[in-house]
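Reader: I have a model open and would like to go through it piece by piece. Can we start with the strands?

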Amino acid sequence: MADLALNSSLIDEYVNYTFNEPFDTNKMRKLLKYISSFYIKINHPLLLDPAIPMQLGNDPLIEIIDSSDDEEVVQNSILKLMLIDKAITPTPSFTTVNIVGVLPEKLQPKYGATYPNATDKIKAQKHIKALLSNAQWIKITDSYIANNQWNDNKTLLASLVSHTAIPLTIVGGNGKNIPKISPIQESELKSICADWKIQTQPVGTNIHDRYIETDKVKILLSSGLYHLSTTSDTDFTYIIEIK
């Protein structure tokens, strides 16, 4: 079973790329960002040449499906979506992702991992530290960062964030029932690295998720920063979106 579907022009683009024929470099670069195993409909014009199915049969990403209906093709895929490079008229009932649209799509390919116990979280910490290592700025959003686990969160920040002159914004608390970063806590961060350019902000009323964000990536945390620490035995998931 293939992961997703491609519209006809993207299939043509991919086949041109694999057969060393002329292709749209910009479009192909975007397609490779999203690409996964995909279906080709049995009635695609490429398949009229009897030699093509044999050649495509060696491609691990391609699966020829015995269907000529886009809806059926998409519903047979694991992700139930079709990658497109232009709008489909009329609007189909299935989910599409325009990889070359003017506006960015909400559905994006992302890397992620889940760590079920404290020991495994060391690997997650190393990865997130590497992601932050060449950031121009860092913004951490966690409503409860200043609560009872502050000492663990502070230790984690000391480990994850490079000790250089980098703008570091901490978004936490709401100034009401959830405590914000206090002047004392801000001073404690400055004692870790005097070069950090620290700003603090309350969390907006419409913010629930936890994030670590830089100029290059946005990392969604399944729970508070504390659960990335080895002190917590709670499972932890993070998902990375490339900007």
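Reader: How many bridges join β11 to β12, and do they run parallel or antiparallel?

Author: Strand β11 (residues 217–221) and strand β12 (residues 236–242) run antiparallel and are joined by 5 bridges. Val217 stands opposite Ile242 in β12. Two strands count as paired if DSSP finds at least two bridges between them.

Reader: Before we go on, where do the numbers come from?

Author: This is a predicted model, in which local features need pLDDT of at least 70, side-chain atom pairs count only at pLDDT 80 or more, and totals for chains, interfaces and linings use all residues. Residues are numbered from 1 along each chain as its sequence is written, and side-chain values use heavy atoms, with hydrogens and water left out.

Reader: OK. What is the strand order in the open sheet of 7 strands?

Author: The order is β6-β12-β11-β10-β7-β8-β9, and the pairing is mixed. At the edges are β6 (111–115) and β9 (197–201), each of which pairs on one side only. Angles run from 0 to 180 degrees between N-to-C directions, and axes are lines fitted to C-alpha atoms, for helices over the stretch in contact.

Reader: And what joins β6 to β12?

Author: 5 bridges, with β6 and β12 running antiparallel. Tyr111 stands opposite Ile240 in β12.

Reader: Which strands form the open sheet with parallel pairing?

Author: That sheet has 5 strands in the order β3-β2-β1-β4-β5. Its edge strands are β3 (62–65) and β5 (95–98), each pairing on one side only. Here neighbouring strands are turned by 35° against each other on average, direction ignored.

Reader: How many bridges are there between β1 and β4?

Author: 2 bridges, in the parallel sense, between strand β1 (residues 4–6) and strand β4 (residues 81–84). Leu6 has Leu83 as its bridge partner in β4. Helix α1 (residues 8–18) packs on the sheet and touches β1, β2 (38–41), β3 and β4. The direction of α1 makes about 110° with that of β2. Contact means heavy atoms within 4.5 Å.

Reader: Helices next. How do α1 and α2 cross?

Author: Their axes come within 10 Å and cross at roughly 100°. That makes α1 roughly perpendicular to α2. Angles under 35 degrees count as roughly parallel, over 145 as roughly antiparallel, 65 to 115 as roughly perpendicular and the rest as oblique.

Reader: Which residues make the contact?

Author: On α1, Leu10, Glu13, Tyr14 and Tyr17; on α2, Lys27, Met28, Leu31 and Leu32. By class, the contact of α1 with α2 has 6 nonpolar, no polar and 2 charged residues. Ala, Val, Leu, Ile, Met, Phe, Trp, Tyr, Cys and Pro count as nonpolar, Asp, Glu, Lys and Arg as charged, and the others, Gly among them, as polar.

Reader: What does Lys27 meet in a salt bridge?

Author: The side chain of Asp85, at 2.9 Å, N to O. Asp85 is in the loop between β4 and β5, and Lys27 is in helix α2 (residues 25–34), 58 residues apart. A salt bridge is a side-chain nitrogen of Lys or Arg within 4 Å of a carboxyl oxygen of Asp or Glu. The structure holds 7 salt bridges.

Terms used: Helices (H or I, at least four residues) and strands (E, at least two) are DSSP runs, numbered from the N terminus.
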